[in-house]
Amino acid sequence: PMIKEVRRAFGDCTIHIDCNSGYTLDALDEFRELDKYQLAMIEQPLAHDDLLDHAQLQDAIDTPICLDASIRSLQLAKQATQLNSCQWVNIKPGRVGGLTPAVAIHNWCQQAGIPCWVGGMLESAVGSAVCIELATLPNFVYPGDLFPSSRFYTRDLGQPEVVLTERQTMLPYENGLPEPDPELLEKFTRQRTLITSAD
């Protein structure tokens, strides 16, 4: 498999793969073969809505499974950990409903002994900054799937942009989070709606 060549080329560095729900349990022998390559994890190998098959797969292989698309709420995180469907959880604030549910899932996983990492969903600097801050919680122990603004945007919708340090890392914000860029918001606005209270 391709991972054999990647492992040969890069030695014992940390590697994980993301299957994006591309397989079924029919591929069990292929997953067992991957145990040879000491992967950190296999991310979302099976269908996003199938915790039972993930539990069966995790029981059959040594490589840790990470659930990503399957974790859309605290309830699903609880079910996944109770079923032993995974050994890692990727938390994307934009997928689970925001920062409050993301923290609740983090806390549940920490209590259950399941380590986490933060995933991004192509957020602007505003959303990315929230993800960076989230990643400072103690049970986020794997590098986050977070990128500088320049990776996806010619000009970020939030300012200041997210940038890498000299050590190719991102640091928590000390002087407030980025804010939407009013000039770009004005440029791209196509419709306005005013919402007022009934009082």
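Contact here means heavy atoms within 4.5 Å, and the views below are all taken from a predicted model.

View A. Leaving aside neighbours within four places in sequence, histidine 16 is in contact with Ala40, Met41, Glu43, Trp117 and Tyr142. Two of these contacts involve polar pairs of side chains: histidine 16 is joined to glutamate 43 by a polar contact of 3.2 Å, and to tyrosine 142 by a polar contact of 2.9 Å. Histidine 16 is partly exposed, its relative accessible area being 25%, a value that lies between the limits of under 20% for buried and over 50% for exposed. For orientation, the C-alpha atom of histidine 16 is separated by 21 Å from that of alanine 77, a residue 61 places away along the chain.

**View B. The open sheet of five strands, in the order 1-2-3-4-5 with parallel pairing.** Strand 1 and strand 5 stand at the edges, and each has a single partner strand, so one side of each is left without a neighbour in the sheet. Within the sheet, strand 3 and strand 4 pair in the parallel sense over two bridges, and cysteine 66 has tryptophan 88 of strand 4 as its bridge partner.

**View C. Cysteines in a structure in which a search finds zero disulfides.** The cysteine sulfur nearest to cysteine 19 is that of cysteine 66, at 11 Å, and cysteine 19 is in no disulfide. Cysteine 66 is likewise in no disulfide, the nearest cysteine sulfur being that of cysteine 86, 7.2 Å away; a disulfide would require a pair of cysteine sulfur atoms within 2.5 Å. Cysteine 19 counts as buried because its relative accessibility is 14%, and cysteine 66 is buried with a relative accessible area of 0%.

**View D. Helix 3 (residues 51–60), with its buried residues Leu51, His54, Ala55, Leu57 and Gln58.** Seen down the axis of helix 3, these buried residues fall within an arc of 165 degrees, so they line one face of the helix. They pack against helix 2 (28–34), strand 3 (65–67) and helix 4 (74–82), whereas Leu52 and Asp59, on the other side of helix 3, are exposed. At the start of the helix, a side-chain oxygen of aspartate 50 reaches to within 3.3 Å of the backbone nitrogen of leucine 52.

**View E. Helix 6 (residues 99–112), in which Ala102, Ile105, His106 and Cys109 are buried.** The buried residues of helix 6, seen down its axis, fall within an arc of 105 degrees, so they line one face of the helix. An α-helix has 3.6 residues a turn, so residues three or four places apart point the same way. The cover over the buried residues of helix 6 includes helix 4, strand 4 (88–91), helix 5 (93–96), strand 5 (116–118) and helix 7 (125–134), while the face turned away from the buried side carries the exposed residues Thr100 and Gln111. Helix 6 has 14 residues and reaches 20 Å from its first C-alpha to its last, which is close to the 20 Å expected at 1.5 Å a residue. After helix 6 comes glycine 113, whose phi is positive, near 80 degrees.

Definitions and conventions:
Residues are numbered from 1 along each chain as its sequence is written. This is a predicted model: local features need pLDDT of at least 70, side-chain atom pairs count only at pLDDT 80 or more; totals for chains, interfaces and linings use all residues. Side-chain values use heavy atoms; hydrogens and water are left out. Buried means under 20% relative accessible area, exposed over 50%, partly exposed in between (1.4 Å probe, protein chains only). Helices (H or I, at least four residues) and strands (E, at least two) are DSSP runs, numbered from the N terminus. The arc is that of the directions from the helix axis to the C-beta atoms. A polar contact is a pair of N or O atoms within 3.5 Å; within protein, one must be able to donate a hydrogen and the other to accept it, and residues adjacent in sequence count only if both atoms are side-chain atoms. The expected span of a helix is 1.5 Å times one less than its number of residues. Two strands pair if DSSP finds at least two bridges between them.
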